[in-house]
Every structure is written in C-alpha cells, then in structure tokens.
Amino acid sequence: MRELRIRTLVGVFLIAGVLSWAGARLWNSLGTLPSVPLAAPIALAVIAAILLATALSLRARLKAQRERRPEAKGVDPLMAARAVVFGHASALVAALVAGMYGGTGVFLLESLDMPARRDQAVYAAFSVVAGIAVIAAAIFLERVCKLPEDDDDNNTGAASTA
C-alpha cells in the first residue's frame with residue numbers, strides 16, 4: 001500500500017475549500033446558508049482519538065514484541081493492515097470535510113457581526129482543526145505500522161506498510 005501523500009491531502013483540502021466557498025456564496029445568494037453542525041468537530045475529534053489510541057496501542061505492542069518480553073502480545077498483520085486502511089480513508093475524508101468547512105468558514109468571515117454566523121464560523125474553524133488532527137493521527141498510525149526496509153530485496157528503498 002502506498003503511503004499517504006501530504007500533497008494529495010492538501011490538494012483535496014484546497015479543492016474542497018474553494019468549491020465550498022463558491023457553493024456557500026451561491027447558496028447564500030439564493031436564500032439561507034445551511035448551518036455548520038456542532039457535531040462535525042466532535043465526530044472528527046472522536047475519529048482522531050480512535051486513530052491515536054490505535055497507533056499508541058500498536059506501537060506499544062510492537063515495541064514489546066521487538067524487546068521479546070514474555071508477556072508481549074503479538075500484532076496480527078491483518079489487523080495492522082486494516083488499521084492503516086482505516087487511517088488512509090479517515091485522512092482523505094477528513095481532508096475533504098475540513099476543506100468543505102474551511103471554505104464555508106472563510107465565507108462566514110464576511111459576516112462575523114451576526115452572532116449566529118459567528119457561531120457557525122467557530123464551529124467551522126473547530127472542524128478544520130479536528131480534521132487536521134485526524135490527518136496527523138492517520139499519518140502517525142501509518143508510521144507506526146511501517147515495515148522496516150528489507151535489505152535482501154532489490155527494491156530501491158521503498159518500504160511497505162503493514
């Protein structure tokens with residue numbers, strides 16, 4: 001599996017942000033702008049916490065396994081691979097969602113004098129921060145599950161992930 005590329009995530013974030021900003025302008029000119037739900041940053045923060053807890057758990061188990069501790073619990077390679085796939089998917093979705101709320105938040109900056117719009121801008125900002133936390137946790141999880149390079153292979157420095 002290929003590693004997460006920061007460029008891809010930034011590209012998804014920027015494209016979603018621009019489209020969301022344009023969509024918010026259009027939607028606002030036609031009527032009322034849909035609100036940014038309070039649950040958005042909370043859900044993203046929960047996903048970030050799950051990814052971080054999984055990464056820390058796997059890191060501790062792998063360290064115990066490397067040190068050959070007698071109580072060391074092994075890591076199932078399929079479980080590690082599933083965790084990495086969950087991290088990849090979460091990072092891509094988080095980049096999309098954070099870009100979407102970022103674009104909406106930039107649009108809402110024009111009307112911070114209205115209390116309802118100010119609250120929506122704050123929720124959008126928290127959603128962007130929580131989305132970045134999901135991406136950081138996913139990258140950390142990927143680094144934890146990365147297999148060491150095999151010197152016997154003829155690969156030119158390309159390490160695989162579990």
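**Salt bridges and helix packing**

Visitor: Let me start with Arg-143: what does it count as at 42% relative accessibility?

Guide: Arg-143 counts as partly exposed because its relative accessibility is 42%, where buried means under 20% relative accessible area, exposed means over 50% and partly exposed is in between, using a 1.4 Å probe and protein chains only. Please keep in mind that this is a predicted model, in which local features need pLDDT of at least 70 and side-chain atom pairs count only at pLDDT 80 or more, while totals for chains, interfaces and linings use all residues. Residues are numbered from 1 along each chain as its sequence is written, and side-chain values use heavy atoms, with hydrogens and water left out.

Visitor: Which residue does Arg-143 form a salt bridge with?

Guide: The partner of Arg-143 is Glu-142, and the closest N and O atoms of this salt bridge are 2.7 Å apart; the term requires a side-chain nitrogen of Lys or Arg within 4 Å of a carboxyl oxygen of Asp or Glu.

Visitor: How many salt bridges does the count come to?

Guide: The count comes to four salt bridges. One of them joins Glu-3 to Lys-146, with 2.8 Å between the closest N and O atoms. Because Glu-3 sits in the segment before helix H1 (6-30) and Lys-146 in the segment after helix H4 (115-144), this pair ties together parts that are 143 residues apart in sequence. Helices here are DSSP runs of H or I with at least four residues, numbered from the N terminus.

Visitor: What do Glu-3 and Lys-146 count as for accessibility?

Guide: Glu-3 counts as partly exposed at 30% relative accessibility, and Lys-146 counts as partly exposed as well, at 33%.

Visitor: Which residues are linked in a network of salt bridges?

Guide: The network of salt bridges links Glu-3, Glu-142, Arg-143 and Lys-146.

Visitor: Switching topic, how do H2 and H4 pack?

Guide: The angle between H2 and H4 is about 15° and their axes are 8 Å apart, the axes being lines fitted to C-alpha atoms, for helices over the stretch in contact, with angles running from 0 to 180 degrees between N-to-C directions. H2 and H4 are therefore roughly parallel to each other; angles under 35 degrees count as roughly parallel, over 145 as roughly antiparallel, 65 to 115 as roughly perpendicular and the rest as oblique.

Visitor: What about H2 against H3?

Guide: For H2 and H3 the packing angle is about 155° and the axes are 11 Å apart, so H2 and H3 are roughly antiparallel to each other.

Visitor: Last one: where does Ala-60 lie?

Guide: Ala-60 lies in helix H2, which covers residues 39-66, and at 44% relative accessibility Ala-60 counts as partly exposed. From Ala-60 to Val-129 the separation is 69 residues in sequence and 27 Å in space, taken C-alpha to C-alpha.

Terms used. Helices (H or I, at least four residues) and strands (E, at least two) are DSSP runs, numbered from the N terminus.
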